[in-house]
Amino acid sequence: MTPTPKRLLILIPAFNEERAVGGVVGEVRAAVPGTPILVVDDCSGDSTRGEATAAGAQVLALPHHLGLGGCVQAGYRLAYQLGYDFVIRVDGDGQHDPRDIPVVLKALEQGDCEMVIGSRFVDGNGTHTSWLRAAAIVFFRAVLRPILGRPVRDPTSGFVGVSRTALELFSATFPLEYPEIEALVVLQRKRFRFVEVPCRFRPRRTGRSTITAVKSLYYMIHVLLGVFVNVLKFERRRK
Amino acid sequence: MDRLFDVIAIFSLVLIVWVLSSVRREHIRVEYSVSWLLAGAVLLVLASWRALDDSIAAALGIPDSFMALTMIAGAAFLVVLYRLSLRISGLKDSSITLAQQVAILEFRLEALNEKIQTPAR
């Protein structure tokens with residue numbers, strides 16, 4: 001008997017990405033033909049929704065702006081309800097190269113882990129990283145190492161694939177503002193596993209990053225607090 | 001020093017009147033006004049009743065009764081702010097869940113409509 005093929009959904013969170021999202025959807029369609037693509041529009045003020053629809057994606061339109069975590073979780077919730085086995089998230093600004101989706105999918109299909117992180121550092125490909133992000137990555141690598149019990153090279157990567165088990169978890173519990181790092185600790189609390197695979201990252205296609213030194217400091221404090229709170233929950237669960 | 005106590009008493013009276021007026025205009029719901037009214041009332045009593053301030057200051061080992069009053073006032077407002085933070089956090093969580101559910105339902109409804117409108121082959 002032939003096993004039922006696993007169902008994959010590509011999730012693209014987008015906020016005011018009208019100039020990039022169509023191209024990203026097109027690239028995803030070329031990389032994994034026939035795979036459903038869901039753009040989660042975080043109540044953009046521009047024509048992100050129209051561009052995504054025109055490019056061939058389905059759009060989950062949020063009624064008000066929730067921020068990245070709320071936006072991604074909405075997609076996870078829908079994917080879980082619709083019975084998808086794997087969800088791979090690709091950012092709507094074009095920084096992730098959709099040609100690497102099969103690499104992430106292959107790692108997920110091997111079934112050794114619940115989450116796969118597309119990492120810009122596994123093969124030393126982190127050339128398009130700003131110095132602020134690079135500093136945050138180095139800092140959080142050091143913070144996460146003892147918590148996760150193993151190194152993680154690219155904890156801030158949003159190029160992430162999750163299995164249905166992780167999808168169920170993230171549908172119920174997902175960090176809302178800066179989700180990537182805290183999500184790793186949430187996974188660890190459940191004893192879920194993750195792997196990193198090498199992926200290509202590119203400069204963003206349009207606009208420019210809004211990250212400033214002050215925002216980076218706020219980001220680091222916020223995420224550090226989130227990690228700490230999750231570790232407290234972890235300790236309570238063990239008792 | 002007496003003038004400072006008077007200023008605090010006037011401030012607390014203004015706060016109480018302001019909150020009551022906001023409740024009357026339905027700018028604040030009654031349940032959220034209670035904390036502010038309680039804080040204002042405590043402050044008013046302390047600012048008007050010097051003997052009580054002196055006793056509290058002595059009990060806390062604070063040399064100055066005005067300092068005791070400001071400490072208690074600060075603590076009362078911190079409690080109010082904390083209660084409001086709890087409330088806001090709860091409301092934000094509910095609002096996020098609600099927004100996600102609305103979006104998902106709308107998405108599924110549109111899919112259903114398309115399915116109904118597509119003629120069966």
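Two residues are in contact if their C-beta atoms, placed from the backbone, lie within 7 Å. This is a predicted model: local features need pLDDT of at least 70, side-chain atom pairs count only at pLDDT 80 or more, and totals for chains, interfaces and linings use all residues. Residues are numbered from 1 along each chain as its sequence is written, while chains are lettered from A and ligands numbered from 1 in the order in which they are written.

**Exercise 1. Find how many residues of chain B and of chain A are in contact, and class the chain B side.**

Step 1. Count both sides: seven residues of chain B touch 13 residues of chain A.
Step 2. Set the classes: Ala, Val, Leu, Ile, Met, Phe, Trp, Tyr, Cys and Pro are nonpolar, Asp, Glu, Lys and Arg charged, and the others, Gly among them, polar.
Step 3. Sort the chain B side: six residues are nonpolar, one is polar and none is charged.

**Exercise 2. Determine how H5(A) and H7(A) are oriented, and which residues meet.**

Step 1. Locate the helices, which are DSSP runs (H or I, at least four residues) numbered from the N terminus. H5 spans residues 131–148 of chain A, and H7 spans residues 179–189 of chain A.
Step 2. Take the geometry: the angle is about 5 degrees, and the axes are 11 Å apart. Axes are lines fitted to C-alpha atoms, for helices over the stretch in contact, and angles run from 0 to 180 degrees between N-to-C directions.
Step 3. Apply the cut-offs: under 35 degrees is roughly parallel, over 145 roughly antiparallel, 65 to 115 roughly perpendicular, and the rest oblique. H5(A) and H7(A) are therefore roughly parallel.
Step 4. List the partners: A:Phe140, A:Leu144, A:Ile147 and A:Leu148 of H5(A) meet A:Ile181, A:Leu184, A:Val185 and A:Gln188 of H7(A). Seven of these contact residues are nonpolar, one is polar and none is charged.

**Exercise 3. Compare the span of H2(B) with the expected value, then place its buried residues.**

Step 1. Compute the expectation: 1.5 Å times one less than the number of residues.
Step 2. Compare: H2 (residues 30–48) of chain B has 19 residues and reaches 26 Å from first C-alpha to last, close to the expected 27 Å.
Step 3. Pick the buried residues (20 or more other C-beta atoms within 10 Å of their own; exposed means 12 or fewer, partly exposed in between). They are B:Trp36, B:Ala39, B:Gly40, B:Leu43, B:Leu46 and B:Ala47.
Step 4. Find their neighbours: these residues pack against H1 (2–24), H3 (50–60) and H4 (65–117) of chain B.

How values were computed: Helices (H or I, at least four residues) and strands (E, at least two) are DSSP runs, numbered from the N terminus.
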